[in-house]
Amino acid sequence: MENILQQLVNGLSLGSIYALIALGYTMVYGIIKLINFAHGEIYMLGAFIGYVFIQYFHLPFFVALVGAMICCAGIGVLIEFLAYRPLRGSTRIAALITAIGVSFLIQNVMKLRFFAGAEPRAFPQAIEQKMIEVGPIMVSNIQLLILGTTVVLMLGLQIIVMKTKMGKAMRAVSVDADAAMLMGISVNQTISFTFAIGSALAAAGGVMIGLYYNSIDPMMGVTPGLKAFVAAVFGGIGLIPGAALGGFSIGLIETFVSASSIEGLSAYKDAIVYFILIIVLLIKPTGLLGKNTKEKV
Amino acid sequence: MPLLTVDRLTKNFGGLAAVSNVSIQLEENELVGLIGPNGAGKTTLFNLLTGVYEPSEGSVTFNENGKETLLNKMKPYAIADLGISRTFQNIRLFKDLTVLDNVLIGFNSKNKQGIFSSVLRLPSFYRQEAELKERSIELLKIFDMENELETLARNLPYGQQRRLEIIRALATQPKLLFLDEPAAGMNPQETAELTELIRKIHQEFGITIVLIEHDMSLVMDVCERLYVLEYGQLIAQGTPAEIKENKRVIQAYLGGEI
Amino acid sequence: MRKNLKYNLSWLLLAVAVYLGIFVLKSVGLLSGIVEDTLSLIGINVILAVGLNLIIGFSGQFSLGHAGFMAIGAYATAIFTQIQSTYTGFLLSILIGVGITIVVALVVGIPTLRLKGDYLAIATLGIAEIIRILIVNGKDDLSQGIFATGGAAGVFGIVDYANWEVIYIFMVLTTIIIANFIHSSTGRTVLSIREDEIAAEAMGVNSTKVKVLAFVLGAATASIAGSLHASYIQTIVPGDFGFMKSVDILIIVVFGGIGSLTGSFVAAILLGILNHVLRNVQAISDYRMIVYALALIIIMIFKPGGLLGKKELSMKKLFQRIGKGGKENASVDR
């Protein structure tokens with residue numbers, strides 16, 4: 001029982017990170033139907049920017065976190081403007097390949113010695129890790145910080161999307177960009193804003209994972225990026241609650257499989273995640289929360 | 001025994017009955033119209049009869065030379081193979097394929113080639129390919145479209161796109177053809193041409209045609225018999241002359257009391 | 001009939017001419033080992049791209065798991081040629097790989113091909129990852145069982161039965177098979193599904209069957225490419241067949257033109273040359289991936305339909321043009 005609770009906490013912390021990245025995936029997908037494969041790289045850049053702020057500018061952790069979020073928001077907007085906007089009218093697969101190109105580009109520019117270099121770097125311990133006993137289980141203060149920050153950010157996102165004018169514009173554009181434009185909504189601005197928000201969330205994930213795992217490198221975004229995409233699809237891509245649900249689900253499945261007492265099972269943890277994903281899709285072809293839209297004949 | 005017997009057919013979407021308790025019979029070589037106000041369930045009925053939707057209740061039976069087949073749970077392609085074809089309200093051509101390819105795909109259902117003979121390019125492949133091509137061109141000739149063989153379907157003018165959809169449906173060699181608003185979006189001259197076309201198909205191919213149409217002059221002109229739907233229910237049937245006089249039909253179209 | 005013979009013969013002539021060209025260049029020593037490697041890799045990439053193009057470009061199903069099927073072929077050859085180290089053993093291993101791939105593609109294709117677009121993409125990605133993870137967790141060597149994939153360390157010292165000539169022959173064969181398939185009545189039904197699945201069904205096309213058929217055929221060619229890859233490179237690790245490999249193949253397909261086999265050829269050759277130059281010119285080799293990524297982005301922005309769009313090189317059209325005395329170039333619409 002204690003073990004289960006313990007793994008639940010571990011799974012939720014990992015799931016928070018997936019959820020934060022998945023949110024960006026899903027928002028961008030919802031608004032321009034693009035699988036933004038460079039999103040994992042934004043997460044990586046967030047971790048590195050946070051690292052620079054803490055290591056070289058000696059900023060406190062939360063200031064560095066917010067700083068990284070703001071920088072990455074800018075980077076996200078810039079990428080959309082330079083690489084994706086010219087392709088707005090063309091096929092989705094062309095946009096997808098461009099996104100993959102952007103992802104390669106960021107990884108390899110960061111690998112240059114002039115920037116970060118290919119070697120992993122130790123992330124400074126801006127907040128000292130302490131273990132706290134909560135009832136029968138041990139929780140680290142960093143896990144609590146990750147969970148807490150994630151919840152705050154998700155609530156913030158929910159407020160932005162549901163209560164603000166910009167949020168309303170985002171929802172409108174995702175339903176029908178042309179109609180939204182006719183209603184006087186600036187589609188370009190709304191898309192830029194979506195990229196900014198999504199990128200900021202990924203950056204937050206990156207900085208927190210740096211603190212959690214103590215190590216960052218230019219390729220760190222690839223696997224979590226892919227998993228977050230899986231999470232977004234799992235929950236129903238394009239749906240914000242779906243991304244959160246998917247992120248937490250994938251985090252929990254992974255953690256429980258890794259900790260399982262069945263011998264050798266943990267080596268198959270990613271395979272199990274994908275297997276469950278495929279089963280979910282076969283039962284609900286548009287993800288857990290997705291609505292089945294039948295094409296009108 | 002009618003060609004197609006629809007018995008108390010019902011389709012529920014959630015709580016809404018889009019088609020409710022509809023019974024109709026189609027005889028061989030008939031030209032029947034299906035009319036009704038927008039949202040009456042006409043296209044839904046077509047979709048039920050062609051396997052796009054599965055009926056909630058009731059049955060659809062196809063009778064071919066005394067051989068009866070229950071269509072209820074059949075997939076669209078299997079129903080098409082039986083000899084039931086259709087066109088769509090919003091044109092659904094294979095847009096990036098040529099006119100000829102569109103028609104050839106129609107022919108495919110009754111003329112399947114073996115994979116091995118096509119991959120290995122055996123002489124039988126070339127023979128069959130040439131024959132299908134010839135038949136497609138013949139069919140296109142009947143409708144004066146033999147000069148557009150290599151044109152991409154998307155580049156055809158609107159009226160010709162509608163026409164090609166009908167030709168493609170005929171290429172499947174149907175016994176029963178459903179036309180879903182073939183005159184939608186056409187100008188009066190195009191509609192007149194279409195009227196002639198439908199007559200011609202009816203006479204030359206000797207098949208049963210069911211037509212959904214809002215253009216009353218067209219319907220009254222070509223159809224031998226009409227069914228009228230409103231709110232998913234069959235409210236009247238009869239010859240065009242009878243339907244014109246039918247109080248419920250007038251009420252359905254004009255609304256309110258009379 | 002006579003005309004068809006003419007077109008087919010001219011294709012054959014082209015294939016033989018290219019073969020002889022490479023053969024002569026090699027014989028007179030104009031072809032260094034590195035260039036030969038590049039040519040062989042281009043050949044393997046052509047097989048992969050043509051197969052994936054069948055799935056994505058012609059049947060319109062978005063697969064992100066092509067590398068998984070390649071892995072099956074590669075490991076089938078790596079393992080089986082240890083049991084039977086002969087040329088026949090190598091050919092048998094290709095058949096075994098294709099056989100396993102067909103079974104796997106059927107088992108996963110029949111349920112998942114109901115999914116649409118990105119959902120199908122992620123499902124196929126998942127399948128490829130599952131295959132890769134199973135391979136990572138395989139046995140170390142044959143004494144422990146037949147599934148001796150060598151785990152994460154992979155298999156090395158695979159006998160090199162595949163040289164550039166073998167690869168060339170397989171490239172020509174797979175291309176002929178896929179091109180003939182596409183230009184048959186079944187091939188037309190494959191296209192009809194890409195264009196409009198609902199209309200295709202209404203025309204009597206069994207869409208599930210046709211989609212699965214295209215998927216299985218594409219997967220089988222990927223397996224052949226995997227076998228050739230394993231035998232040519234002689235060392236394989238599971239990481240060779242990860243998500244990134246699927247993406248590499250996808251890039252060739254999109255770059256050349258989705259729905260153009262000629263495009264897949266052109267793209268595989270151009271990207272192969274680009275890679276060759278980037279790898280072997282000292283001054284830029286450090287920036288190889290950066291240049292590659294930039295090239296990708298720029299090409300997509302300026303040519304989003306790929307180099308050739310849906311155009312194909314057609315002998316028939318070529319002859320017609322020559323017959324008319326036209327001066328236009330060779331490549332024309334299908």
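Predicted model: local features only at pLDDT ≥ 70, side-chain atom pairs only at ≥ 80, totals over all residues.
B:G232 is buried, its relative accessible area being 0%.

**Surroundings of B:G232**

- In chain B, the loop between β9 (225–230) and β10 (233–238) holds B:G232.
- Although B:A40 is 192 residues away from B:G232 along the chain, the C-alpha atoms of the two are separated by 5.2 Å.
- When neighbours within four places in sequence are set aside, B:G232 touches B:A40 and also B:A18, B:V19, B:S20 and B:V22.

**Helix α1 of chain A**

- Helix α1 of chain A (residues 2–32) has 31 residues and, at 1.5 Å a residue, should span 45 Å; its end C-alpha atoms lie 44 Å apart, which agrees with that expectation.
- Most of α1(A) is covered, since 24 of its 31 residues are buried, that is, under 20% relative accessible area.
- The residue that follows α1(A) is A:K33, which has a positive phi, near 55°.

**Contact between chain A and chain C**

- Here 44 residues of chain A meet 38 residues of chain C, and the area buried between the two chains is about 3500 Å², with carbon and sulfur atoms giving 84% of it.
- One salt bridge is counted between chain A and chain C, and the side chains of A:R92 and C:D118 meet in a salt bridge at 2.3 Å, N to O.
- Five residue pairs, both members at pLDDT 80 or more, are in polar contact between chain A and chain C.
- On the side of chain A that touches chain C, two or more residues come from each of α3 (61–84), α4 (92–111), α9 (222–235) and α11 (269–283), and the largest share, 13 residues, belongs to α4(A).
- By class, that side of chain A comprises 33 nonpolar, eight polar and three charged residues.

**Contact between chain B and chain C**

- Chain B gives 34 residues to this contact and chain C gives 30 residues, while about 2800 Å² is buried between them, 59% of it on carbon and sulfur atoms.
- Three salt bridges are counted between chain B and chain C, and C:R188 and B:E129 join their side chains in a salt bridge at 2.9 Å, N to O.
- Eleven residue pairs, both members at pLDDT 80 or more, are in polar contact between chain B and chain C.
- The side of chain B that touches chain C draws at least two residues from each of several elements, including α3 (99–108), α5 (123–142) and α6 (158–171), and by class it has 15 nonpolar, eight polar and eleven charged residues.

Notes:
Residues numbered from 1 in each chain as written. Chains lettered and ligands numbered in written order. Heavy atoms only, no water. Contact = heavy atoms within 4.5 Å. Buried area = accessible area lost by both parts, 1.4 Å probe. Salt bridge = Lys/Arg side-chain N within 4 Å of Asp/Glu carboxyl O. Polar contact = N/O pair within 3.5 Å; in protein donor to acceptor, adjacent residues only side chain to side chain. Helix = DSSP H or I, 4+ residues; strand = E, 2+ residues; numbered from the N terminus. Nonpolar A, V, L, I, M, F, W, Y, C, P; charged D, E, K, R; others polar. Expected span 1.5 Å × (residues − 1). Buried < 20%, exposed > 50% of the residue type's maximum accessible area, 1.4 Å probe, protein only.
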